[in-house]
Amino acid sequence: MRLATWNVNSIRARSEAVVGWAQAADVDVLAMQETKCTDDGFPVMSFLAAGYDVAFTGDGGYNGVAIASRVGLDSVEYGFEGQPAHGGTTEARAMSAVCDGVRVWSLYVPNGRAPDDPHFTYKLDWLAALRDRAALWLAHDPAAQIALAGDWNVAPTDDDVWDPAEFAGKTHVTDDERAAFASFAGAGYTDAARPYLGATKTYTFWDYQQLRFPRNQGMRIDFTLCSPALQDRVFGASIDKAARKEPGASDHAPVVLELR
């Protein structure tokens with residue numbers, strides 16, 4: 001199985017490119033984030049015509065998640081128990097489905113905005129609630145195959161940003177965010193791609209402004225964290241930087257896992 005995650009930054013604007021990439025890359029399951037699309041506006045037919053079943057949730061704002069699969073899309077769940085609300089609303093930031101025996105989650109972690117912003121507390125609460133729930137899933141079934149895939153909006157180490165000094169005092173790199181991300185390892189989940197990315201700094205996100213992409217001034221903030229049983233199946237991973245080069249592309253690149 002080839003499992004990918006990609007912040008598509010508006011699926012309506014990029015449905016043909018996303019579906020075309022998934023076919024060309026021979027992807028079996030694609031977790032998508034920041035779809036920016038209401039449910040009644042989702043381009044379902046583009047995926048069905050390419051042989052993918054698709055499930056999605058979104059309200060048209062700066063969130064929305066989806067999963068496309070050509071190996072089954074069963075037991076779809078929207079949100080997770082204990083997911084924090086923001087402004088009285090449980091945002092469309094998490095959904096999952098069973099795809100060929102793997103419980104695949106598509107996750108769009110809140111941005112946080114700034115360390116002194118209430119959204120930052122929301123972000124930490126959201127990660128803590130997900131971590132607690134993910135730990136409970138494994139406590140109930142240690143052999144469960146679970147993929148926590150998505151845009152985590154956290155750069156776990158200084159090697160995951162092009163210049164640590166550039167991010168001093170900003171979100172994504174604070175000790176609190178990094179501790180929250182690291183807590184998933186304590187719960188039993190592994191950053192599956194890291195061993196396959198080599199020593200050279202490689203990223204998954206480059207801002208549209210200031211020529212960040214041509215200068216390779218990016219961040220690695222998109223991950224698939226795997227449960228132990230799923231991690232045992234991983235034999236390769238890559239970041240498809242070429243997808244970021246396409247005209248009108250998302251500001252993120254897809255991350256692909258190879259599973260035996």
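**View 1. Cys37 sits 19 Å, sulfur to sulfur, from its closest cysteine partner, Cys99, which is too far for a bond.** In this close-up of a predicted model, local features need pLDDT of at least 70, side-chain atom pairs count only at pLDDT 80 or more, and totals for chains, interfaces and linings use all residues. Residues are numbered from 1 along each chain as its sequence is written, and side-chain values use heavy atoms, with hydrogens and water left out. Cys37 is buried, at 2% relative accessible area (buried is under 20%, exposed over 50%, partly exposed in between, with a 1.4 Å probe and protein chains only).

**View 2. Cys226 takes part in no disulfide.** Its nearest cysteine sulfur belongs to Cys99, 13 Å away. Cys226 is buried too, with 0% relative accessibility. The structure holds zero disulfides, a disulfide being a pair of cysteine sulfur atoms within 2.5 Å.

**View 3. Six strands form an open sheet with mixed pairing, in the order 3-4-2-1-12-11.** Strands (E, at least two residues) and helices (H or I, at least four) are DSSP runs numbered from the N terminus, and two strands pair if DSSP finds at least two bridges between them. Strand 3 (53-57) and strand 11 (234-239) stand at the edges with a single partner strand each, so one side of each has no neighbour in the sheet. Neighbouring strands are turned by 15° against each other on average, direction ignored.

**View 4. Strand 3 meets strand 4 (residues 65-69) in the antiparallel sense, over five bridges.** Here, Asp53 has Ser69 of strand 4 as its bridge partner.

**View 5. Helix 1 (residues 11-24) packs on the sheet.** Helix 1 touches strand 1 (2-7), strand 2 (29-33) and strand 12 (255-259), where contact means heavy atoms within 4.5 Å. The direction of helix 1 makes about 155° with that of strand 2; axes are lines fitted to C-alpha atoms, for helices over the stretch in contact, and angles run from 0 to 180 degrees between N-to-C directions.
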